[in-house]
Structure formats: structure tokens, C-alpha cells
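Student: I would like to go through this structure with you. Could we begin with the charged contacts?

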Amino acid sequence: MLQFQYPFLLVGLGLIPLVVAIFLFARYKKRKVAQRLGDPEMVKQLTANYKPGTYIIKFLLVAFAMTCIILAIVNLRMPRGESQVNRNGIDVMIALDVSKSMLAQDVSPTRLDRAKQVLSKLIDKLSNDRIGIVIFAGKAYLQMPLTGDPGAAKMYLSAASTESVPTQGTVIGDALKMCYASFNSKEKKYKAVVLISDGEDHDEGANKIASEMASEGVVIYTVGIGSPQGATLMDETTGQLKKDMQGNTVVSRLNEAELMSIAQKGNGKYQLFQSTDGVVSNLYGQLSSMDQRAVKDDSLINYQSFFQAFLGVALLLLLWELMISEVRKTRLRKLKPATALLVFLVAGLQGFSQDEKDWIKNGNEAYARGDYPAAAGSYDEALKQNAGSAKARYNMGNAQYKAGKPDDAVASYDKAIAGMDNAMEKADAHYNKGVVLQNNKNLEECIEAYKNALRLNPNHEQARQNLQKALKQQKQNQSSGGDKDKDKQDENKKDKEKDPKPQPSKLTKKEAEQKLKAL
């Protein structure tokens, strides 16, 4: 069914009557000027080559062009496939603590890494719910608004780090306020917050805010990550243990009492992180037990837009208006080029029937379903539309790798890197290439790929960790290979000792000289 994406912009059509009024006023003024010139017969002779009908035609062309431009802005479109996605679920806002204390290693590898792993697995289970993400430290930021796309949620989650929030500290109250502002204020239920933190709160208003949110139907679940004994923190600038103003070593401890109180005020439950699967299972069970309502989400619908056609028609009409002359003698010469240009542009508009972005979107949907060959096919169609599309080439590499074609994936990443201008995007492409090469046991090239990723983005922590693993594996391979070479040398030496040696001569020197003389 055809629909407008921005129907409120249709008020722009109200400009058309205003333009008509201006045109009628201009015609009236022209007649008045003609009457002031003098004798009507003389005026007729002076304007013998003027075609008054073309003035009206030119105005109509401009008016229709304006109408087409407004309709293009409103964007007439038609959904492809189902008109909407209907499912039963709730709205879940995730509040993730990214303060420096989350880098403590009392939970291996760090509190933050383990928290992101928990949330990633939880998102996989919440396929029917809408998910949003808030990250906080000294301030709270909305990382992603509520959406029904779990793939996007995991992407934003993976990008969260201690560098995402420049202001350090922990303000749980601000994070809860941000989560509450993201919900639909008209609903009194179907809303939940999952807060994961070490509880080192520098704001005492969190409990009050949790109570206010509970009165509005929001349920707050908290997860404490860390240990009551705590752990020391490393200063990234000096590489030494972090110390306070008095010179004492800073120890970050889990504040369970704070998180328990917030969960109690928010009509939810608190749990201590002990294992990833256990926390995910408990959270999913608690969220599933809440009342659910039908969620209508059209964010994943693929639309076919027709704004290109309206813009093309508007361009044709304006060009046609320019080609029309109000002088009688230039009529034939002007209409012929206008007609030729009309045919040329209509033929050119046929190229808009397929859209590179549509093919990429189709490929992304197939990739999300796990149909990697189909995803690769869609990206290939996008590359046919635009061979220089680095985005399509990058996605093609991901699909080829998933489809079991590592060599093709590496080639696609190389081509994508060549076409990218953004350093961060290039770093990600080098990182993906390194992953493929590492899984393919090509250590030298994968090490170089990880190094290239870190040169472009020194903060790429995953590339740094994989590089360390690859270098360690390479060192192990070299040491085992060196032992084999040494064993081979010893074996060759023994073989040489076993080889037959020439026997020494038994002739005396005098006998040898006599034989030489005889010869």
C-alpha cells in the first residue's frame, strides 16, 4: 500500500495557491502596462512576435514542478513484503557502567568485558523485545534508542568502552533518568531496566529515582559485577598501580548494598555475577515473566521509494520551461532541443529503478537470518550498481567468510580497504581480515593485518588482544620448529660419522718415490 514517509510536509502544497495568486496579479499588471502604452492597435503591432499563450504554459510547468518537488520531499513509498512486524514483548533499556573502575580484573579479563559478554548473550534472547542502551560514568549518554533490531544493539554494545564517556565517576541516578526518558510515558507497564555496574555510585539520588520509576511501572533489575574484596587499578598513563591524593593504592570494591537497594526500590531483583550463563538465564526468566504487549515495529521493513521519479519529472518540467520562448520566431528551434532532452532524461531515469542501498539492506537482512550465500548475492548486486562501494565490498567479505570462503573474503576486504577514506572503518576491515587469516593458520599475514588495524586505530582493543595471541602462537611454532631443525642436524651428524672413510696408505715414503720414478 502506498504511503507518505513524511505526511506532515504536505502542508507545503499550500504554497501552490499562493503562486497562482501571484501569477494572476502579474497578468493583471501586464494588461495595465499595455493599456498605458497608448493606442491598442500600435501595441498589437509592437508585440506581433510575442506569444501570450506561452506565458501561461511556462507558469503551469513551474507550478507542476513545484508540486513534484514537494511530493518528492514527502517521499511516496511502498513497503515490500509484510507491512509491519507484530510480536509480543516489552521495552528493555540496558544501563552499562563504563567507568574506569570497570577495568578492575577481579572478574577476568575485566569487569567491563564480562559485563558486555553477559549483555550480548541477553540481547540474543530478547529477539521479540525492543532494546535500548545507555552508557554512563561521570555522565550518562543514550548510546542507542529503543529498537527491535538486536543486531544493531550488539553493534552499539561492542563499541562501548571507558573512552566513550570523557567524564569519569559513577552517576547511576543520571543513567536511570536517561533510561526513563527513553520509554513511552503514556504506558504504565511493559518497561524494564537492566543495570549492570560495580555499584561505586558517586550520586546519592539513585534510590529516589528508582522509586519514582517504579511508580510509573518501570521494573529495575541490577547485576553486581566485581568482588567485595576489590581489586587494584592500573594507571594507563604510567603503567603503575593507581594511587589517590594521599599516595594510597586505589582499590575498587563491589558495592552490593547500593545495587540491592536500587533493585528493591525499583520492584526488581539483584543478583551477583558468578557465571555468564547463570546471570543471562536469570535475567531472561525475570524479563519473560513480565506482562507483555503486542509490539509493532516497522524499522526493519524494506521500502521502495518513488521520490526519484518526482524529482526527475520536476527537473524535466523546469528544463522544458527554460527551453520555451515567448518569441514566435524561435519556436521551432527551441522545441526540438527540448524534446531531445526530454527523451534523454526519461531514458536516464530508468537507471533509478534499482538502488544500491536497497541491495545492501537486503543483504544485511539475509546475513541476519544466517543465509550467507544469499547475502553475498545481494552485496554483489549492490556492487554492480556501484563498483566502488566500500560498504558493499566490506559486507561481502563478512558474508564470504561465513559461507566458508576465506580466500574470497580476504580479497573483498583488500578491495574495501582500498576504497575507504575513514581510518576507523579501515581499521575494522584490517581487523576482520586478520581474523580470517588467523583462523586460516596464516600467522604472518594476520599479524600484519592486526598491526595495520592498530596503526589506524590504536584503541582497537580486540585487534590488540588478537595480535598478542597470534605473536604468541608464532613464537611457539618457531620454537617447536627450531627443536626439529636441531634434531635433524644431530641426525645428519651421526649419519656422517657412519659414512665410510678413506683408508690410509701403507707404503713408506721411499717406496712411494721409487714407484713414481718408475712411472
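Tutor: Asp91 and Arg130 form a salt bridge through their side chains, at 3.0 Å from N to O. A salt bridge here is a side-chain nitrogen of Lys or Arg within 4 Å of a carboxyl oxygen of Asp or Glu. This is a predicted model: local features need pLDDT of at least 70, side-chain atom pairs count only at pLDDT 80 or more, and totals for chains, interfaces and linings use all residues. Residues are numbered from 1 along each chain as its sequence is written, and side-chain values use heavy atoms, with hydrogens and water left out.

Student: Which strands do Asp91 and Arg130 lie in?

Tutor: Asp91 is in strand β4 and Arg130 in strand β5 (residues 130-136), so the pair ties together parts 39 residues apart in sequence. Helices (H or I, at least four residues) and strands (E, at least two) are DSSP runs, numbered from the N terminus.

Student: Is Asp91 buried or exposed?

Tutor: Asp91 counts as buried because its relative accessibility is 0%, whereas Arg130 is partly exposed at 25%. Buried means under 20% relative accessible area, exposed over 50%, and partly exposed in between (1.4 Å probe, protein chains only).

Student: How many salt bridges are there by this rule?

Tutor: The count comes to eleven. One of them joins Asp414 to Lys433, with the closest N and O atoms 2.8 Å apart. Asp414 lies in helix α15 (residues 406-419) and Lys433 in helix α16 (residues 423-439), so this pair ties together parts that are 19 residues apart in sequence. Lys433 is buried at 15% relative accessibility, and Asp414 is partly exposed at 33%.

Student: Changing topic, which residues form the nonpolar patch on the surface?

Tutor: Tyr6, Phe8, Leu9, Ile69, Ile73, Phe307, Leu311 and Leu318 form it, with about 670 Å² of accessible area together. Patches are made of residues with over 30% relative accessible area and no salt bridge; like charges are joined within 9 Å, and nonpolar side chains (Val, Leu, Ile, Met, Phe, Trp, Tyr) within 5 Å. Accessible areas come from the Shrake-Rupley method with a 1.4 Å probe, and for residues only the protein chains shown count as cover.

Student: Which helix gives the most to the patch?

Tutor: Helix α10 does, with three residues. Both α3 (52-74) and α10 (307-323) supply at least two residues each. Ile69 is in helix α3 and is partly exposed, at 34% relative accessibility.

Student: And how many aromatic pairs are there?

Tutor: There are five aromatic pairs by the rule used. Tyr6 and Phe8 make an edge-to-face pair, 6.3 Å centre to centre with 75° between the planes. Rings of Phe, Tyr and Trp (its six-membered ring) pair if their centres lie within 6.5 Å; planes under 30 degrees apart count as stacked, over 60 as edge-to-face and the rest as tilted. Phe8 is exposed, with 55% relative accessible area.

Student: Lastly, the backbone: which residues does the cis peptide bond join?

Tutor: It joins Ser108 and Pro109, with omega about -5°. Pro109 is in the loop between β4 (91-97) and α4 (111-125). Most residues other than glycine have a negative phi, and most peptide bonds are trans. Tyr190 has a positive phi, near 65°, and is buried at 18% relative accessible area.
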